[in-house]
Amino acid sequence: MTYLNYAALCPTLAEAEAEVERTLTEFKRYLYSDAGIEWYLRKIRECRQQVGALLHVSDPSSIAFTTNASTAHYLTLSSLKWEPGDTILTTTHENPSITSQLHALEQEDVHVHAVRPASLQTFLNTLEERFNEPGVKAIVMSHVSHVDGRVFPIHEVASLARARQCLVIIDGAQAVGHIPIDLNALDFDSYFFAGHKWCEGPLGTGAMVLRESFLTHPRYRAIEGGEQHGESPAARFEIGTHNIGLIAGLAKACEQRHLRGINSAPQRIFRETAKELLGGHPNCRFMEWQGPHAPGILTFKGADTLDHGEFAKRLASEAEIIVKSFVEYPEGDAPAIRLSWSSTMNPRDLQAGVSKIAQRLGS
């Protein structure tokens, strides 16, 4: 099988799998005795430090562990008091789990406006116009688009938002572990990500970073039922009993990613190779803009007559090539096919897989 869907799920790092098992075995010696609680709290602190090192977070206590990015987003939205007439800005390139949660707020007469990122400057100009409209209270958007890998200008977006006293909520699911991240240098209120994507952590893991600006915001209302553990209010978002083994596995994956560094060169070479193999096809159009792109994602549109969903299914069943198809969303950009790959992928496998895709586009 040629797997070209790393943006959806990366194989779990072997060191992370081993850490899950080791941690759970050690925890069995204590469970929830006094010694076990002390051990658990110490382990959680260590895990926050490991994740914080990858993200360059100066205060690890601002990190809360969740089960995935969607849960982190839900907790973020739920802890804010929305009022009728409020407007939340977002983009057309957000994950459906994120947009569905946003649109659920429309039942409370909260308006959601999605901006299509047609080009870098047009996107910023449109956002500036929208921020100037009354009632805009927040922007919720990705750091890296899961649709085609374009890297959004978070610094510029945050500047526009701050000038209007708007919250900045960032989905880093396609960014963390994929491109270099320095959250100390990034302006935001809430930033969250999933562990099972580019970090190569276990399924059922994720984390969110909550700035003091979020926790002291007039619209913030404390989550009830969370565990504070004597730390910052961020720990309140860790609701209920968590799997310490999975958290340790995520922390180990982040530690390994931090130690190895984010080496984008192999992925960029893969991306250029894929573009060369597909670019000569008259029915292939790449989804790109005149701005930065993450190195592990390339998305293209086939002929107008191509059923992109069926094409992806045939690639899987007939050629054992796994890709992601966009059929009904995003509006204005679907249908399309997304390819994504790891920096450790064998270049020959990539070339063979993309060559078969190019051949089938012409059949």
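Okay, helices here are DSSP runs of H or I with at least four residues, and strands are E runs of at least two, numbered from the N terminus. Threonine 2, for instance, sits in strand 1, residues 2-3.

Quick housekeeping. This is a predicted model, where local features need pLDDT of at least 70, side-chain atom pairs count only at pLDDT 80 or more, and totals for chains, interfaces and linings use all residues. Residues are numbered from 1 along each chain as its sequence is written, and side-chain values use heavy atoms, with hydrogens and water left out.

So, the overall picture. The chain has 11 helices and 13 strands. Its radius of gyration, taken over C-alpha atoms, is 21 Å, close to the 21 Å that the globule rule (2.2 Å times the number of residues to the power 0.38) gives for 363 residues, so the chain is as compact as a globular protein of that length. Along the principal axes, the C-alpha atoms fill a box of roughly 65 × 55 × 35 Å.

How much of the chain is buried? Buried residues are 53% of the 363, where buried means under 20% relative accessible area, exposed over 50%, and partly exposed in between, with a 1.4 Å probe and protein chains only.

Back to threonine 2: it's buried, at 15% relative accessible area. Setting aside neighbours within four places in sequence, threonine 2 is in contact (heavy atoms within 4.5 Å) with Glu320, Ile321, Ile322, Met345, Asp349 and Gly353. And for the chain as a whole, of the contacts between residues at least 6 apart in sequence, 70% join residues at least 24 apart.

Now the aromatics. Rings of Phe, Tyr and Trp (its six-membered ring) pair if their centres lie within 6.5 Å; planes under 30 degrees apart are stacked, over 60 edge-to-face, and the rest tilted. We have 13 aromatic pairs. Take tyrosine 3 and tyrosine 6: the ring centres are 5.0 Å apart and the planes at 70°, so that pair is edge-to-face. Tyrosine 6 counts as buried, at 12% relative accessibility.

Then there's phenylalanine 123 with phenylalanine 152: centres 5.4 Å apart, planes at 40°, so this one is tilted. The pair links distant parts of the chain, 29 residues apart: phenylalanine 123 is in helix 5 (residues 120-131), while phenylalanine 152 is in the loop between strand 5 (136-142) and helix 6 (154-163). Phenylalanine 123 is buried at 0% relative accessible area, and phenylalanine 152 is buried at 3%.

Last stop: Phe27, Tyr30, Tyr32, Trp39 and Tyr40 form one aromatic cluster.
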